[in-house]
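Dear colleague,

I am handing over the structure that we spoke about, and below it you will find notes on what was found in it. Please read them with the structure open beside you.

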Amino acid sequence: MTRSRHASARFAPGVALVAVLALTACGRGAESAPSSTSAPVDDEPATGTVELWAPDGDAAALDDVLASFREENPDLDLQVTLVPADEYTTKLQSAVAGGAGPDVAQLYTESQAQFLAGGAFAPVPEGLVDGGSFFPGAWESGVLDGIAYSVPWYSYTYALVYRSDFAQAAGAKPPTTWDETIPFFEALQGGGAGKGLGADVGWDIYNGQDVTQYLWQAGGHPMSDDGLEWTLDTPEMVDALTYNRSFFTSAIADPDAPGFLDSQPYFVEGRTGAMMTGPWVIGQLDDVAGEDGWTSEHVATAPLPAGAGGSVGAIAGGSWGVGADSDNPEASWKVVRHLAEPGTQVAQYEALASLPAVRSAWDDPAIAHEPLLDAFFEQLEDAETYPQVEPWAQIATQLGAEMEAVAKERQTPEEAAAAIQAFAESLGTGTE
Amino acid sequence: MTATTMSGSPPAVRSASRARGSGGLRRSILAWVFLAPFLAVFVTFTAVPTVAALGFSLTDLRGTDLRHPFAVDVVGLDNYAWLFSDGRFVRDLGNTAVFVAVGVPLTMLTGFALALALNTGIRRLRGVYRTVFFAPVVTNVVAVALIWQYAFNTNGTVNQVAASIGFAGPNWLGDPGLAMPVVILLGVWRNFGTAMVLFLAGLQAVPEDVHEAAALDGAGWWRRLWHITMPLLMPTILLVSVLLTVFYLQVFDEPYLLTDGGPLGSTESVALYTYHQFGFGQFGLSSAASLVILVLVAVVSFAQFRLLRPRT
């Protein structure tokens, strides 16, 4: 059954509520299309009040990162509010719906579509930043119908992070193709790892995104080129699901552990020999091990193994948007422009190891001298963007659930591909 | 015809009636004044959201409509039709039924057994036991769920104890057949204290002399329990069963914190499904799902009152 966005009104009499009467009087036709850009932003110091929201985590050091901006803009009252990450999307949704959204908000690069498509954020002013200075996937994630609505702040993609000591003991080299993947993980087990791979097994949106990554590596795409149809029941999707399943059926990964929070302790303890994960771990493993220099002695990184479609990763991270209803868009965009500068993004890296979305920041010695990040940089150059349509988060979550059933051999990859296609079609693309 | 005959009552009676009338009006106003804070909270946080949810459930309101929530299409009962065609929702209805069918009697039995023990068996330190048994009700569920998560991990406390006596423990939270019992157990653990306190109050209201008379007539403990205590306790049983049924029909914290509905969706309740839909920006759909819960609660509670109310 397809849930049409323009289904005819079949309204049972007797439940005529005030709210619904108001609804029937309106329609989507009343919405106005956004203009292509906002007014240009000058170089004068920002003034007035700007309220900024961000999820805690990567934004935890924002006050320090913005200290110099505050000094340069003494007449600006910049109010930073950190919201618990688990509640961030819901709180932002509620605030926007209630007309009380912040002037500036951090958006998750990979799932910002539901906000951007709803017109909750203003187009990026002409000349504010150079879109070409960012990793292509990071910038494109904020572009809808040719109009940019958000500015990238930090970016990440997954790469293969493995125990170099186990690989050395087994005489194994990191895999470059899918065919070499399972033998490599088996070799890590031979070199001392309990399991070759620690797959994050929350069986949620992140697993759905993993499968999507494998889909790209298999040469497929989740949507048609025109973005009007889901293309999830394809031979490439079956290949992606089969590849992911092989981690579990080959007994190099456990379908029940570790979960996200356990993945680093498992890796440090040697219960797993590798992770396909983001760059944040590089700065965290020393703390988990309780030993400075542990990471450089025990860890190596490599780009993801390539399938028939190449070694493709997925872009994710954080971007900044300015609310369409902001009372102070001029100053808000100045804040965003500052956050997009290479120096600010390096400061953010130094504070919390968030990797810059602007490519020139990677030339800074603080990042350039960290060899374990090379694989991530290489992977960021070949990273795709998740579908920028509103139902994507729900479909990716369901794909994670379908993958769980495949990993636990409750259904075949073919059945899972058909199921996720039917589910996606029942939701539509959000563009009808 | 005089004024008296026209009014149908003598002047003295009319005067008293007026006095009663003005006193009644004062009492009525006073009652509304006392009720006003509750009504304000009820209207703001219950009535208006419920009516709004009903309205939203008839629309295709989604995350992309946030700036223009009233500029959506009315889709009639499409959301409800979609829900019942969604295998996940139907599965979650079944999961919720299991929560109710197993959780309610288990919680009631545990609470009743402890209340009985406190009322008759345990003489010393009764207050201490009562406090200890009630503690789970007031304990922070997030902290408890984290402890349970560690306890039931594959390498958790439970399996370590099992290993120490030579048994290999299973994967409690990763096995679809075992995760549900663990989640229900947490629900029972959190709620038996409430049931116990209510049953204890009910048991203490049963007149002691009735028991003594029955004992003198030769009735044993079980007969007195079945023929005296239980019938007199029926209003409490009804109250506890309705409260617990409403709780388990809306169960959210336990599966959310312990398993987030997994593995393979085996512990996802309808309330958790509703929450997930809300997170996806499916506001029309999540409103419809929440109203399904509301209807279920109303129907089941009504049925319980009809079936369990004391016959006069």
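What pattern does chain B follow when it is read along the sequence? Chain B follows the pattern α-α-α-α-α-α-α-α-α-α-α-α-α, with 13 helices and 0 strands, where helices (H or I, at least four residues) and strands (E, at least two) are DSSP runs numbered from the N terminus.

Before going further, please note that this is a predicted model, in which local features need pLDDT of at least 70 and side-chain atom pairs count only at pLDDT 80 or more, while totals for chains, interfaces and linings use all residues. Residues are numbered from 1 along each chain as its sequence is written, and chains are lettered from A and ligands numbered from 1 in the order in which they are written.

**Chain B**

The radius of gyration of chain B is 27 Å, whereas a compact globule of 312 residues would have one near 20 Å; this radius is taken over C-alpha atoms, and the globule rule is 2.2 Å times the number of residues to the power 0.38. Along its principal axes, the C-alpha trace of chain B spans about 100 × 75 × 30 Å. Of the 312 residues in chain B, 34% are buried, a word used when 20 or more other C-beta atoms lie within 10 Å of a residue's own, with exposed meaning 12 or fewer, partly exposed meaning in between, and the C-beta atoms placed from the backbone. Among contacts in chain B between residues at least 6 apart in sequence, 69% join residues at least 24 apart, two residues being in contact if their C-beta atoms, placed from the backbone, lie within 7 Å.

P37(B) lies in helix α2 (residues 11-57) of chain B, and P37(B) is exposed because it has 9 other C-beta atoms within 10 Å. From C-alpha to C-alpha, P37(B) and T229(B) are 39 Å apart in space, and 192 residues separate them in sequence.

T157(B), in turn, is found in helix α7 (residues 157-164) of chain B, and T157(B) counts as partly exposed because 14 other C-beta atoms lie within 10 Å. If its neighbours within four places in sequence are left aside, T157(B) is in contact with Y150(B) and A151(B). The C-alpha atoms of T157(B) and I147(B), which are 10 residues apart along the chain, are separated by 9.7 Å.

**Chain A**

Chain A has 19 helices and 12 strands. Its radius of gyration is 23 Å, close to the 22 Å that the globule rule gives for 432 residues, so chain A is as compact as a globular protein of that length. The C-alpha atoms of chain A fill a box of roughly 65 × 60 × 35 Å, taken along the principal axes, and 53% of the 432 residues of chain A count as buried.

The domain assignment of chain A gives domain 1 (36-157 + 315-384) and domain 2 (159-311 + 389-427), with bounds that come from an automatic or database domain assignment. The contact between them takes 17 residues from domain 1 of chain A and 18 residues from domain 2 of chain A. On the side of domain 1 of chain A that touches domain 2 of chain A, α17(A) gives the most, with 4 residues.

Where is helix α10 (residues 235-249) of chain A packed? Its buried residues pack against α8 (178-190), α9 (205-217), α18 (392-407) and α19 (413-427) of chain A, and among these buried residues are M237(A), L241(A) and F247(A). The end C-alpha atoms of α10(A) are 20 Å apart, which agrees with the 21 Å that its 15 residues should span at 1.5 Å a residue, the expected span being 1.5 Å times one less than the number of residues.

Finally, strand β7 (residues 159-163) of chain A is mostly covered, as 5 of its 5 residues are buried. A159(A), V161(A) and R163(A) point one way from β7(A), and L160(A) and Y162(A) point the other way. β7(A) pairs in the antiparallel sense with strand β8 (residues 274-277) of chain A over 4 bridges, where pairing requires that DSSP finds at least two bridges between two strands, and Y162(A) stands opposite A274(A) in β8(A). β7(A) also runs antiparallel to strand β9 (residues 299-302) of chain A, to which 4 bridges join it, and there V161(A) stands opposite T301(A).

With best wishes
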